[in-house]
There are 2 protein chains.
Amino acid sequence: MLSKDEFERVKNKALELFKKAHIVLTEDEKNKLTISDGDLGKVDEIGLEIIVYVNTDRYCAKEMALLPNQTCAEHRHPNIDGQRGKEETFRCRYGKVYLFVEGEKTPRHVEPPNEYFTASHEIILNPGDQYTIPPNTLHWFKAGPQGAVISELSSHSDDPSDIFTDPNFKRT
Amino acid sequence: MLSKDEFERVKNKALELFKKAHIVLTEDEKNKLTISDGDLGKVDEIGLEIIVYVNTDRYCAKEMALLPNQTCAEHRHPNIDGQRGKEETFRCRYGKVYLFVEGEKTPRHVEPPNEYFTASHEIILNPGDQYTIPPNTLHWFKAGPQGAVISELSSHSDDPSDIFTDPNFKRT
């Protein structure tokens, strides 16, 4: 688990990015920020900072930050009991996002951190660009050197059901 | 219907508000902006400017602008064929929003434009504040003197099924 100091350091960097993106947050929301690093012990390289705005049984909205060159671990949102998995739209608000999804392999402009990143169809998102990821589709995404802020708009979010490619990634 | 000149005038004011809110939009999105004024002929008083980011069968996200003191006409999103009506979360990004929903009457800080505004429970949203409106609930909302920008996050949007209180309001 991240130490309190590590958590605060990364949280403060994420809050700076939200500020650069002119995202206004309440104090309560800032205090609810979570960090998804899978307990891999390399949060600056593999991690994602998240604030959930709303998550009803029908839809969900989050604001997400990636530190410079930070990567969100590859995962998918599986179908469960005949219910379609989470469908999500990423809208870049700040910085540059290199999003990789399953599909035809494309030339890539950034490198994955290790072998647990298999999706190889690259989509580059600049501010104002967005992309919708179908359910049950492997994806990972990495920020450029400025970091990035992404609004995630989606169907209901059930994080514990996410399936990560890296067997060492722990939901915390 | 709004004349081309009227449409452009209101559209440009809305785009200025999005700019003040630091919302980055593509040219394509700017060109897709719609104005919902019900053909009432008083768009500066009753109207809403909308850009739809995404609308799948499961969720929808829009960016909305209200000109200074402009009011969105009262309406509700009914249940249809046993399916729950649209549930929506308004998140204020810029300016001040006076949102009125069905419920216990409260003191109000702004006046409705006419008698077709009946919901009398006021919620004030400043930047960073949000409120979730249940399905089938009458609501209307008005900007303060600076205008306002609101992110709408919701279940699937089916505008033609909306029911407006004013019988003269025409879906165009």
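1. A cavity, as the word is used in this note, is a set of grid points where a 1.4 Å probe fits but cannot get out. On that definition, the structure, which is a predicted model, holds four cavities of 30 Å³ or more.

2. The largest cavity has a volume of about 170 Å³. Its lining comprises 18 residues, and those closest to the centre are B:L48, B:I50, B:H75, B:D162 and B:R171. By class, seven residues of this lining are nonpolar, four are polar and seven are charged.

3. Which strands of chain B each supply at least two residues of the lining of the largest cavity? They are β3 (59–66), β4 (71–76), β5 (88–101) and β8 (139–155). The greatest contribution to the lining of the largest cavity comes from β8(B), with three residues.

4. For the second largest cavity, the volume is about 100 Å³. Residues of both chains line the second largest cavity: A:A21, A:H22, A:I23, A:V24 and A:R93 from chain A, and B:A21, B:H22, B:I23, B:V24, B:C92 and B:R93 from chain B. This lining divides into seven nonpolar, two polar and two charged residues.

5. The largest pocket contains about 690 Å³ of space. Of the 30 residues that line the largest pocket, A:D57, A:R58, A:R84, B:D57 and B:R58 are the closest to its centre. The lining of the largest pocket has four nonpolar, 14 polar and twelve charged residues.

6. Over all chains, the structure holds eight aromatic pairs. One of them is formed by A:F90 and A:F141, with an edge-to-face arrangement, 4.8 Å centre to centre and 70 degrees between the planes. Because A:F90 lies in strand β5 (residues 88–101) of chain A and A:F141 in strand β8 (residues 139–155) of chain A, the pair ties together parts that are 51 residues apart in sequence. Both A:F90 and A:F141 are buried.

7. A:F117 and A:W140 also form an edge-to-face aromatic pair, with 5.2 Å from centre to centre and 80 degrees between the planes. A:F117 lies in the loop between β5 and β6 (121–125) of chain A, whereas A:W140 lies in strand β8 of chain A, so this pair ties together parts that are 23 residues apart in sequence. Are these two residues buried or exposed? A:F117 and A:W140 are both buried. Ring pairs also bring in A:F100, so that A:F100, A:F117 and A:W140 are linked into a cluster.

8. The last point concerns a glutamate of chain B. B:E152 lies in strand β8 of chain B. With a relative accessible area of 3%, B:E152 is buried, because buried means under 20% relative accessible area. What does the side chain of B:E152 make a polar contact with? Its partner is the side chain of B:K86, at 2.8 Å.

Technical notes
Residues are numbered from 1 along each chain as its sequence is written. Chains are lettered from A and ligands numbered from 1 in the order in which they are written. Side-chain values use heavy atoms; hydrogens and water are left out. On a 1 Å grid over the protein atoms alone, a cavity is a set of points where a 1.4 Å probe fits but cannot get out, and a pocket is an open set with protein on both sides within 12 Å along at least five of seven lines; lining residues have an atom within 4 Å of a point. Grid points are joined across faces, edges and corners, and a volume is the space filled by probe spheres set on the points. Helices (H or I, at least four residues) and strands (E, at least two) are DSSP runs, numbered from the N terminus. Ala, Val, Leu, Ile, Met, Phe, Trp, Tyr, Cys and Pro count as nonpolar, Asp, Glu, Lys and Arg as charged, and the others, Gly among them, as polar. Rings of Phe, Tyr and Trp (its six-membered ring) pair if their centres lie within 6.5 Å; planes under 30 degrees apart count as stacked, over 60 as edge-to-face and the rest as tilted. Buried means under 20% relative accessible area, exposed over 50%, partly exposed in between (1.4 Å probe, protein chains only). A polar contact is a pair of N or O atoms within 3.5 Å; within protein, one must be able to donate a hydrogen and the other to accept it, and residues adjacent in sequence count only if both atoms are side-chain atoms.
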